[in-house]
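Colleague: Could you walk me through this model, a few residues at a time? I'd like to go slowly and ask as we go.

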Amino acid sequence: MAKRVQLVLTQDVSKLGKSGDLVEVAPGYARNYLVPKKLATKATPGILKQVERRRELERQRQLELKQQAQEQKATIEKVSSYNIAKQVGEGDAIFGTVTTQEVADVIQQITGLEVDRRGITIPDISKLGTYEADVKLFTDVTAKVKIEVVAS
């Protein structure tokens, strides 16, 4: 049985790895597919150093993004509650529902921070009152905000 070959991927390869990953593959797969299509290069000490340097830069970038998300979380949570005005019917029932886009717009109006609506999780809101929503800012950073639905 042939020995495995170490390669560094230059592009993302499905079911194998992402660009910059060090992988071990069969020599035939490397020789006949990955290297000719320029999806990978041989793992030399110089290339391994480059890969390590790129990983370190990416790690530092992720740390900076996380720190920015922590600052955004503090800014968002400083506000005691965000008011959303809705039309009201009988029994304090509102017409329609409160959407994540409305929550994102209110957060942007008050704090000036742009929040992605896809990262907002809100409960089903059908009546006036105070509700709690989660705003995901980064992988491990989630801000809890109070939403007060009031009559317009």
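Colleague: Where does T111 lie?
Modeller: T111 lies in helix α3, which covers residues 100–111; helices here are DSSP runs of H or I with at least four residues, strands are runs of E with at least two, and both are numbered from the N terminus. Please keep in mind that this is a predicted model, in which local features need pLDDT of at least 70 and side-chain atom pairs count only at pLDDT 80 or more, while totals for chains, interfaces and linings use all residues. Residues are numbered from 1 along each chain as its sequence is written, and side-chain values use heavy atoms, with hydrogens and water left out.

Colleague: Which backbone atom lies 3.2 Å from the side chain of T111?
Modeller: That is the backbone nitrogen of L113, placed 3.2 Å from a polar atom of the T111 side chain. The backbone oxygen of I107 also lies 2.6 Å from a polar atom of that side chain.

Colleague: And what does T111 touch, not counting residues up to four places away in sequence?
Modeller: With those neighbours left out, T111 touches T75, I76, V79 and Y82, where a contact means heavy atoms within 4.5 Å. As for K78, its C-alpha is 9.3 Å from that of T111, although the two residues are 33 apart in sequence.

Colleague: Switching to K86, is it buried or exposed?
Modeller: K86 counts as buried, because its relative accessibility is 13%, and buried means under 20% relative accessible area, exposed means over 50%, and partly exposed is in between, with a 1.4 Å probe and protein chains only. This residue lies in strand β4, residues 82–86.

Colleague: Which side chain makes a polar contact with the side chain of K86?
Modeller: It is the side chain of E102, at 2.9 Å. A polar contact is a pair of N or O atoms within 3.5 Å; within protein, one must be able to donate a hydrogen and the other to accept it, and residues adjacent in sequence count only if both atoms are side-chain atoms. Apart from residues up to four places away in sequence, K86 touches I94, F95, T97, V98, E102, V149, V150, A151 and S152.

Colleague: What about K146, where is its place?
Modeller: K146 sits in strand β7, residues 142–151, and it is partly exposed, with a relative accessible area of 43%. Leaving aside neighbours within four places in sequence, K146 is in contact with S80, S81, Y82, T130, Y131 and E132.

Colleague: Now the loops: where is the place of K38?
Modeller: K38 is in the loop between α1 (27–34) and β3 (40–42), and it counts as exposed because its relative accessibility is 61%. Its phi is near 55°, a positive value in a residue other than glycine.

Colleague: What is phi of D92 near?
Modeller: Phi of D92 is near 60°, again a positive value in a residue other than glycine. D92 is placed in the loop between β4 and α3, and at 44% relative accessibility it counts as partly exposed.

Colleague: What does S126 touch, not counting residues up to four places away in sequence?
Modeller: S126 touches D92, A93, I94 and Y131 on that basis. The residue lies in the loop between β5 (120–121) and β6 (129–136), and at 45% relative accessibility it counts as partly exposed. By contrast, Q68 and S126 have C-alpha atoms separated by 34 Å and are 58 residues apart along the chain.

Colleague: Stepping back, how many helices and strands has the chain?
Modeller: The chain has three helices and seven strands, and from the N terminus on they run β-β-α-β-α-β-α-β-β-β. The radius of gyration is 25 Å, well over the 15 Å that the globule rule gives for 152 residues, so the chain is more spread out than a compact globule; this radius is taken over C-alpha atoms, and the rule is 2.2 Å times the number of residues to the power 0.38.

Colleague: What does the C-alpha trace span along its principal axes?
Modeller: The trace spans about 75 × 30 × 20 Å, and 27% of the 152 residues count as buried.
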